[in-house]
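Reader: I would like to go through this protein with you, one region at a time. Could we begin with the model itself?

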Amino acid sequence: MFQVVLGFFNATKEPRVNVRSPDFFDYPTAVAGNPFVDGWYADPDTEIYNDLFWVFPTYSDAYEKQTFLDAFSSPDLIHWTKHSSILTIENVKWANKAVWAPAPIARNGKYYLYFGANDIQEDEDTAGAIGGIGVAVADQPEGPYIDAIGEPLIGHYYNDAQPIDQDVFIDDKDGQAYIYYGGHSHANVAKLNADMVSIGTFNDGTQYKEITPENYVEGSQMIKRNGIYYFMWSEGGWTGADYSVSYAMSDSPLGPFIRKAKILQQDSAVAKGSGHHGVINIPGTEIWYIVYHRRPLSETDGNHRVLAYDRMYFNEDDTIAPVQMLVQDNFADDNTIGWKMYGGSWAVVDERLTSSGPSAGLAMLDTDFESLVFEATVSLEQTGEADTEAGLIFRASNFSDEGGFEGYFAGLTGSGDVILRSNDAATSDILAKEAAASVGQNEYTFRVTANASTISIYVDDMDAAKITVEVESGPSSGATGVRSVNASIASFGNISVARPEDAL
């Protein structure tokens with residue numbers, strides 16, 4: 001296997017060099033699961049500092065409680081370390097609430113963090129309201145960040161753009177730094193002076209140029225690839241199902257930016273309200289990720305937003321392909337973020353979600369798939385007891401703390417059989433049963449495909465279905481998860497759920 005040298009940028013301009021195979025970061029999605037960190041967060045922006053990937057989000061809560069910023073760092077996009085309160089209003093005397101959308105960048109041997117605060121409104125501008133976009137500085141990525149100028153960097157509306165949701169971009173062509181920002185459906189760009197804490201002036205004497213593309217709402221983001229400037233933004237309402245990400249392309253950092261397409265939006269099977277993003281490019285490669293926030297399907301609280309990332313691909317003509325929100329979890333991060341347990345005793349052991357104890361238990365993902373391809377490894381000791389079971393649940397609902405549910409179960413029994421079971425509120429029927437592939441084997445690779453009324457189960461051999469059943473009635477969609485019944489130990493790994501056309 002050949003190797004690629006990745007030089008990660010740091011503030012001292014002396015890159016530390018990592019030698020890793022190019023597939024080290026080559027993931028189809030967050031393979032250890034989305035959300036990739038715990039807690040309610042939104043509006044993530046990203047940077048690479050000192051060989052670590054950094055994500056800087058908004059703490060998602062009521063405006064009055066948004067008085068600080070946390071950050072997360074990772075060496076591999078799997079294991080994340082939380083850095084709490086890297087910036088607080090105690091270090092920004094003019095800010096008192098609504099601290100939003102941090103934008104990180106390093107220059108001059110310092111680390112800068114641009115942020116919105118106080119949610120000022122246009123009709124308050126003449127009343128002396130203080131707020132807008134601030135800038136803080138630190139000596140290290142995790143802070144503490146201290147207000148750099150003692151007042152907002154951009155504290156008024158220009159071209160009707162609310163001063164929020166900024167992104168800072170340094171053009172590798174000439175070293176010029178720009179700040180892109182805007183809310184209330186207007187976007188501006190301004191130059192940053194070399195000190196990174198003051199606004200520059202364009203050649204025509206202006207400081208703020210409007211660049212609003214069609215459908216722009218908020219969440220500015222700028223990236224550059226192959227000499228092309230990609231201006232990206234969020235559309236729709238941040239609490240609504242229509243929240244999404246679109247982009248434009250230009251040969252200039254100042255535009256014009258003509259909307260090309262929407263690339264990220266809610267998926268009724270995975271999550272809703274997907275938007276306001278940052279971007280990670282693995283240095284020296286064509287591996288790109290979009291890091292964004294979204295809302296779990298069953299969540300009704302508008303502030304319940306969580307962080308996710310998925311792969312972002314470019315087409316041959318340099319346009320961006322629509323992003324697929326994939327569902328995977330290999331438990332390499334040793335946690336169960338995004339899972340909800342009903343009964344049983346669950347823990348991650350050796351990168352397997354493990355159930356111990358004889359009681360029935362479910363571990364469920366907040367999904368709602370109709371047609372699907374559901375894959376996982378399933379481990380169950382073959383004790384000879386037919387009432388011991390472990391396997392996959394799909395098209396499921398109505399979960400109970402006793403391990404009950406309505407939907408379908410495909411799994412192993414302690415006597416070595418593969419079964420397909422249908423559960424409803426009153427009955428549990430075995431629809432099909434076949435002997436397992438290898439007597440005495442403990443761990444199997446399972447694949448369940450469900451297309452309309454056809455359900456197939458594959459065990460180890462992915463070319464020949466062990467069971468295929470036509471179901472005449474039953475649920476047509478629902479959540480996915482795993483189940484253990486009467487097993488002293490059962491474990492599950494390498495979870496993957498997708499629509500057939502999205503399956504890898």
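This is a predicted model: local features need pLDDT of at least 70, side-chain atom pairs count only at pLDDT 80 or more; totals for chains, interfaces and linings use all residues.

Reader: Is Asp334 buried or exposed?

Author: Asp334 has a relative accessible area of 52%, so it counts as exposed. Its phi is near 65 degrees, a positive value in a residue other than glycine.

Reader: And Ser85, what is its phi?

Author: Phi of Ser85 is near 50 degrees, again positive in a residue that is not glycine. Ser85 is placed in strand S6 (residues 81-88).

Reader: Let us turn to the cis peptide bonds. Which residue is joined to Pro35 by one?

Author: Asn34 is joined to Pro35 by a cis peptide bond, with omega at about 0 degrees. Pro35 lies in the loop between strand S2 (16-20) and strand S3. The bond from Gly143 to Pro144 is also cis, with omega near 10 degrees. Pro144 lies in the loop between strand S9 (132-138) and strand S10 (146-147).

Reader: Which residues lie nearest the centre of the second largest pocket?

Author: Asn34, Pro35, Pro296, Gly338 and Asp366 lie nearest its centre, out of 27 lining residues. The pocket has a volume of about 470 Å³. Strand S22 (327-329) and strand S26 (361-369) each supply at least two residues of its lining.

Reader: Why is S19 described as largely enclosed?

Author: Strand S19 (residues 272-281) is largely enclosed by the rest of the structure because 8 of its 10 residues are buried.

Reader: Which strand is joined to S19 by 6 bridges?

Author: Strand S20 (residues 288-295) is joined to S19 by 6 bridges, and the two run antiparallel. Lys272 stands opposite Arg295 in S20. The hairpin of S19 and S20 has 6 residues between the strands, and Gly284 there takes a positive phi near 80 degrees.

Reader: Is Trp288 buried or exposed?

Author: Trp288 has 5% relative accessibility, so it counts as buried. Trp288 lies in strand S20. Beyond its neighbours within four places in sequence, Trp288 is in contact with several residues, including Ile223, Val279, Arg311 and Met312. The C-alpha atoms of Trp288 and Arg311 are 6.1 Å apart, although the two residues are 23 apart in sequence.

Reader: How far apart do the C-alpha centres of domain 1 and domain 2 lie?

Author: The C-alpha centres of the two domains lie 40 Å apart. The contact takes 6 residues from domain 1 and 4 residues from domain 2.

Reader: Back to the core, then. What does Phe394 touch?

Author: Not counting residues up to four places away in sequence, Phe394 touches several residues, including Leu372, Phe374, Tyr408, Leu420 and Val448.

Reader: Where does Val448 lie?

Author: Val448 lies in strand S32 (residues 443-451). At 0% relative accessibility, Val448 counts as buried. The C-alpha atoms of Val448 and Leu392, 56 residues apart along the chain, are separated by 8.2 Å. Leu392 is also one of the residues in contact with Val448.

Reader: Finally, is Ser491 buried or exposed?

Author: Ser491 counts as buried, at 10% relative accessibility. Ser491 is found in strand S36 (residues 489-498). Its contacts beyond four places in sequence include Leu353, Thr377 and Val378.

Technical notes
Residues are numbered from 1 along each chain as its sequence is written. Side-chain values use heavy atoms; hydrogens and water are left out. Buried means under 20% relative accessible area, exposed over 50%, partly exposed in between (1.4 Å probe, protein chains only). Helices (H or I, at least four residues) and strands (E, at least two) are DSSP runs, numbered from the N terminus. Two strands pair if DSSP finds at least two bridges between them. Contact means heavy atoms within 4.5 Å. On a 1 Å grid over the protein atoms alone, a cavity is a set of points where a 1.4 Å probe fits but cannot get out, and a pocket is an open set with protein on both sides within 12 Å along at least five of seven lines; lining residues have an atom within 4 Å of a point. Grid points are joined across faces, edges and corners, and a volume is the space filled by probe spheres set on the points. Domain bounds come from an automatic or database domain assignment.
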